Amino acid sequence: MATYLQFLGAFVAPPLVALAALRLRDRREDWWSLSGVAVLVVLALAYTTPWDNYLIHRGVWTYGDRHVLGTLWLAPVEEYAFVAAQTVVTGLWVQRISGPPDATFRPKRRDAVVGVVAGLVVTGAGLACLGATSTFYLGAILAWAGPVLAMQWAVGWRYLAARPRVVAAGAGVPALYFAVADRIALADGIWAISPATATGVAVAGLPVEEGAFFLVTNLFVVQGLVLFDWVVARWA
């Protein structure tokens, strides 16, 4: 019977160490860009912690006492490490594939409005899903993700749209990797998703809600860092 700590060691530590080693090997001089990763780690923990603990309180997911070292508030201490480590892994990955920012790119005035509206649509869809028990978890994900997406898209959705390969590969690869790892953790009983608050729809045994969670969280990181580098380059 695996534990949450063993899960971190088996699935989170290896890509983290590998990407950090590649960064050191390449001797990249833009170490300032790591400040963006550090900022996102702080923001990820601050934004995810209340939401995560609320869903545990609602019984959306549970953890066995024998699978965790202990809890901080309602969430296992390993959960906070997972949030931080996933942010770093995805951050190092997208910085590796993104290339230099285009400081000459300029958004249009109406872009901010379009971005906010698109993010509010996601939020509205989530709030609508919260009304039914079977879509509560999916609604919680969308309602939680919408405000962050609205802010990021308001800053530079057109810039992100001009870099589809970076956004798709930057978010898609780690989202797929962590989704597979999550599927293994669910099968091993490290954590469990309540069937009462889930749609029951699964892909290869993974609840669609879990796939949606890893997609939006990795989008947060990828879009945040791509926009961070772009804004810094414009100021330089």
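Start with helices α1 and α6, which run roughly antiparallel to each other in this predicted model. Select residues 4-26 for α1 and residues 164-188 for α6. Two packed helices are described by the angle between their axes and the distance between the axes. For α1 and α6, the angle is about 170° and the axes are 11 Å apart. An angle over 145 degrees counts as roughly antiparallel, so α1 and α6 get that description.

Next, show the side chains where the two helices touch. On α1, select F7, A10, F11, V12 and P15. On α6, select Y177, F178, A181, D182, I184 and A185. Which classes of residue make up the contact of α1 with α6? There are 10 nonpolar residues, no polar ones and 1 charged residue.

Now turn to the aromatic rings. The structure holds 23 aromatic pairs, and two of them are visited here.

Y4 belongs to helix α1, while F82 belongs to helix α3 (residues 77-98). The two residues are 78 residues apart in sequence, so the pair ties together separate parts of the chain. Are these residues buried or exposed? Both Y4 and F82 are buried.

Then select Y63 and W191. The ring centres lie 6.3 Å apart and the planes meet at 70°, so this pair is edge-to-face. Y63 is in strand β1 (residues 61-63) and W191 is in strand β4 (residues 191-193). Y63 has a relative accessible area of 17%, and W191 has 6%. Buried means under 20%, so Y63 counts as buried, and so does W191.

Next come two places where an arginine lies over a ring. Select R58 and F136: R58 is over the face of F136, 4.3 Å from the ring centre. Then select R163 and Y159. The charged end of R163 sits over the ring of Y159, at 3.8 Å from its centre.

The last stop is D229, in helix α7 (residues 208-235). D229 has a relative accessibility of 11%, so it counts as buried. Which residues does D229 touch, leaving out those up to four places away in sequence? Select W32, S33 and P101 to see them beside D229.

Conventions: Residues numbered from 1 in each chain as written. Predicted model: local features only at pLDDT ≥ 70, side-chain atom pairs only at ≥ 80, totals over all residues. Heavy atoms only, no water. Helix = DSSP H or I, 4+ residues; strand = E, 2+ residues; numbered from the N terminus. Buried < 20%, exposed > 50% of the residue type's maximum accessible area, 1.4 Å probe, protein only. Contact = heavy atoms within 4.5 Å. Phe/Tyr/Trp six-rings, centres within 6.5 Å; stacked < 30°, edge-to-face > 60°. Lys NZ or Arg CZ within 6 Å of the ring centre and 35° of its normal. Axes fitted to C-alpha atoms, helices over the stretch in contact; angles between N-to-C directions. Parallel < 35°, antiparallel > 145°, perpendicular 65-115°, else oblique. Nonpolar A, V, L, I, M, F, W, Y, C, P; charged D, E, K, R; others polar.
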